[in-house]
Amino acid sequence: MTPPGWYSDPQASYLERWWDGGAWTEHRRTPAGHPAPPPPAAGASGRRARAVALISAGAVLATAIVTGATGLRTDGARGPGDTTIDTAPSGPPAPSLVVDQLNGITLPVPAGWTSPSAIAQDDVVMTTDGTYACPADSGRCRHGQVSSGTAGRADGASPRTVAERDVPEAAEAAYGHDPGGRRPFGGIRSHQVVKAGRVAVAGRDGYLVRWRVRTADGPGGYVQTLAFPSAGGVPAPAVLRFVFDAGPDGPPLSDMDAITKGIRPTR
């Protein structure tokens, strides 16, 4: 069960090749000054992931991270990845973008959002700035985050089917039990579907489902799953999860719509 990641290309050992957890992809890169791990012999299935990076004005500003599952909990850890920081040119900053390399898309980063740091879940591509004390636990939580993954067992399912299947899991991961089995919001009491329908994503026909989740402690929040065909050659649909706290401290829902509308193909 080899996790997704960059490994030595079995066909060209001087390159690294992306292993998606179940098969080799066509994405290759030159190693960044250190040897890659040996190539995997077997893969895993499930909600697979890709490498992402935060760029501004064409320069890489944050690490490429390998993605997996989602959650709103923060535990002082980061996922694996290679950090490359380039000096940006002087002048006013350009809007930041998250580059999802395997799905072949970019996502805009709204004002008040930042690259992930000190997060136990390694699929998170952006978060709101800062943390707060979780309502029902001694840990730290964030008011918003967006994660990127791939439907591991799509089996030809439509984006609508993928989104409808994923949103309950996304809600439980965000506001139910965290990966450590704790309940930072006291658990989910109820949910309501507030938005669902087809949406164009990077020129492709996608589907989103948005829930309003009410929790035992705290204001609850909004959870959205967005599924659409990958533009990067990955056969399984891309899956983006949005988690926004409700209440005055949560990010505006307009950010959720702006990120969705701002997704563009990388080529």
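This report describes side-chain contacts and one backbone feature in the structure above.

The model is predicted: local features need pLDDT of at least 70 and side-chain atom pairs count only at pLDDT 80 or more, while totals for chains, interfaces and linings use all residues. Residues are numbered from 1 along each chain as its sequence is written, and side-chain values use heavy atoms, with hydrogens and water left out.

**Salt bridges**

A salt bridge is a side-chain nitrogen of Lys or Arg within 4 Å of a carboxyl oxygen of Asp or Glu. Six are found in a search of the whole structure, including those in the table.

| Pair | Closest N to O |
|---|---|
| Arg198 and Asp205 | 3.0 Å |
| Arg210 and Asp257 | 2.8 Å |

Helices (H or I, at least four residues) and strands (E, at least two) are DSSP runs, numbered from the N terminus. Glu164 and Arg160 are four residues apart in helix H1 (residues 159-176), so about one helical turn separates them. In contact with Asp257, Arg210 makes a salt bridge that links distant parts of the chain: Arg210 is in strand S16 and Asp257 in helix H2 (residues 253-261), 47 residues apart.

For accessibility, buried means under 20% relative accessible area, exposed over 50%, and partly exposed in between (1.4 Å probe, protein chains only). Arg210 is buried at 5%, whereas Asp257 is partly exposed at 24%. Arg198 is exposed at 66%, and Asp205 is partly exposed at 40%. A network of salt bridges links Asp166, Glu169 and Arg241.

**Aromatic pairs**

Rings of Phe, Tyr and Trp (its six-membered ring) pair if their centres lie within 6.5 Å; planes under 30 degrees apart count as stacked, over 60 as edge-to-face and the rest as tilted. The whole structure contains four aromatic pairs. One of them, Trp19 with Trp24, is edge-to-face, at 5.3 Å centre to centre and 75° between the planes. Trp113 and Phe244 form a tilted pair, with 5.3 Å between centres and 45° between planes. Trp113 belongs to strand S10 (residues 113-114) and Phe244 to strand S18 (residues 238-245), so this pair ties together parts 131 residues apart in sequence. Both Trp113 and Phe244 are buried.

**Other features**

Ser147, in strand S14 (residues 144-150), is buried with a relative accessible area of 1%. Ala202 has a positive phi of about 55° although it is not a glycine; Ala202 is in the loop between strand S15 (188-201) and strand S16 (204-215).
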